[in-house]
Amino acid sequence: MQQPLLHFVPKHHPPSRSDVQTFKNFIDITQKLLVLTGAGISTESGIPDYRSEGVGLYARSNHKPVQYKQFLDSEEVRRRYWARNYVGWERFSKAQPNFAHDWLKEWEVDRGRVGAVVTQNVDGLHGKAGSANVIELHGTAYKVICLSCNESYSRHSVQRTIQELNPGMHEATTMIRPDGDVEISQEKIAQFKPPECPRCSGVLKPDIVFFGDNIPKSRVSRVEAAVCESDGVLVLGSSLSVYSAYRIILQAVDLKKKVAIVNIGSTRADHCAHFRISARCGDILRQLQTVL
């Protein structure tokens with residue numbers, strides 16, 4: 001477990017003693033948690049989120065993530081995406097789990113109190129921490145699929161292929177985005193050769209649900225089943241702005257499950273929650289350890 005990297009964590013106050021007690025009471029009466037995590041759980045690993053005030057991607061730049069239809073329709077958009085992703089991959093893929101990821105692994109694998117972790121993140125940090133039943137709602141950056149023949153590849157192997165195709169591409173970056181994308185010059189993008197499927201020469205795409213795309217129905221069904229099997233939902237580090245996450249809370253409420261939220265700042269589902277604690281995930285979970 002690495003030390004927190006807090007430059008992408010928005011301004012916040014430490015949790016109060018009453019916050020910790022409220023959280024403890026929730027944990028005490030909830031025997032099987034479904035945990036929904038968002039970008040706010042990974043900011044302490046040095047990966048920024050999109051929406052946090054002052055430090056989120058939207059607050060720091062005019063960058064908008066690639067749209068699914070744009071990626072499908074435009075060779076130039078695909079070239080730009082893969083060039084930026086290639087440069088950003090080394091730093092993005094080296095991110096390591098933090099205390100919150102390790103806490104979830106312990107409470108799922110070692111204690112049996114977490115039935116499933118549903119994550120909006122594509123950074124693979126729950127898997128690196130050792131969590132077993134992880135549903136990656138929006139896919140994973142660590143897998144690449146062919147849109148023609150459906151063959152899948154490791155993102156690391158695709159990185160090696162891109163390097164062979166672009167031996168003169170020696171860009172480096174100190175920046176990082178939630179999806180691994182970075183800024184590079186238009187000149188470098190114009191010279192870049194994107195990867196193709198080794199099997200059929202089709203278009204390769206990271207196995208990520210881009211904006212404007214749909215989550216596979218089988219994945220939605222897995223999430224719905226996990227909510228039904230839980231007796232409470234804990235949200236860690238998500239504003240729940242995206243409907244695919246918000247509807248999980250709506251389902252929990254319909255089933256009369258208890259809902260708890262830990263997030264710096266308000267969320268779309270505050271009115272649904274039994275309580276919300278505005279705190280850094282690592283802070284509240286560390287303090288929880290001292291009273292359990």
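**Entry 1: packing of α7**

I looked up what the buried side of helix α7 touches, and found α4 (75–93), β4 and β5. Contact here means heavy atoms within 4.5 Å. The model is predicted: local features need pLDDT of at least 70, side-chain atom pairs count only at pLDDT 80 or more, and totals for chains, interfaces and linings use all residues. Residues are numbered from 1 along each chain as its sequence is written, and side-chain values use heavy atoms, with hydrogens and water left out.

Helix α7 spans residues 155–165, and its buried residues are R155, V158, Q159 and I162. They lie on the same side of α7, because they cover an arc of only 105 degrees around the axis; the arc is that of the directions from the helix axis to the C-beta atoms. I noted R160 and E164 as exposed residues on the face turned away from the buried side. Buried means under 20% relative accessible area, exposed over 50%, and partly exposed in between (1.4 Å probe, protein chains only). Helices (H or I, at least four residues) and strands (E, at least two) are DSSP runs, numbered from the N terminus.

At the N-terminal end of α7 I found S154 as the cap, with a side-chain oxygen 3.1 Å from the backbone nitrogen of H156.

**Entry 2: strands β4, β5 and β6**

I next examined the strands around β4. Strand β4 (residues 139–146) runs antiparallel to β5 (residues 152–154), and 3 bridges join them. Two strands pair if DSSP finds at least two bridges between them.

I recorded P206 in β6 as the bridge partner of V144.

**Entry 3: the parallel sheet**

I traced an open sheet of 6 strands in the order β3-β2-β1-β7-β8-β9, with parallel pairing. Its edge strands are β3 (134–136) and β9 (275–277), each of which pairs on one side only. The twist averages 15 degrees from one strand to the next.

Within this sheet, 5 bridges join β1 (residues 33–37) to β2 (residues 114–119). T37 stands opposite T119 in β2. I also found helix α10 (residues 243–254) lying across β1, β2, β7 (232–236) and β8 (258–262), at about 155 degrees to β1. Axes are lines fitted to C-alpha atoms, for helices over the stretch in contact, and angles run from 0 to 180 degrees between N-to-C directions.

**Entry 4: K24**

Is K24 buried or exposed? I found K24 buried, with a relative accessible area of 18%. K24 sits in helix α1 (residues 17–29). Its side chain makes a polar contact of 2.7 Å with that of D28. A polar contact is a pair of N or O atoms within 3.5 Å; within protein, one must be able to donate a hydrogen and the other to accept it, and residues adjacent in sequence count only if both atoms are side-chain atoms. Not counting residues up to four places away in sequence, K24 touches L288, V291 and L292.

**Entry 5: cysteines**

I searched the whole structure for disulfides (a pair of cysteine sulfur atoms within 2.5 Å) and found 0. C149 is in no disulfide, and the nearest cysteine sulfur, that of C146, is 3.7 Å away. C149 is partly exposed, at 23% relative accessible area, whereas C272 is buried, at 16%.
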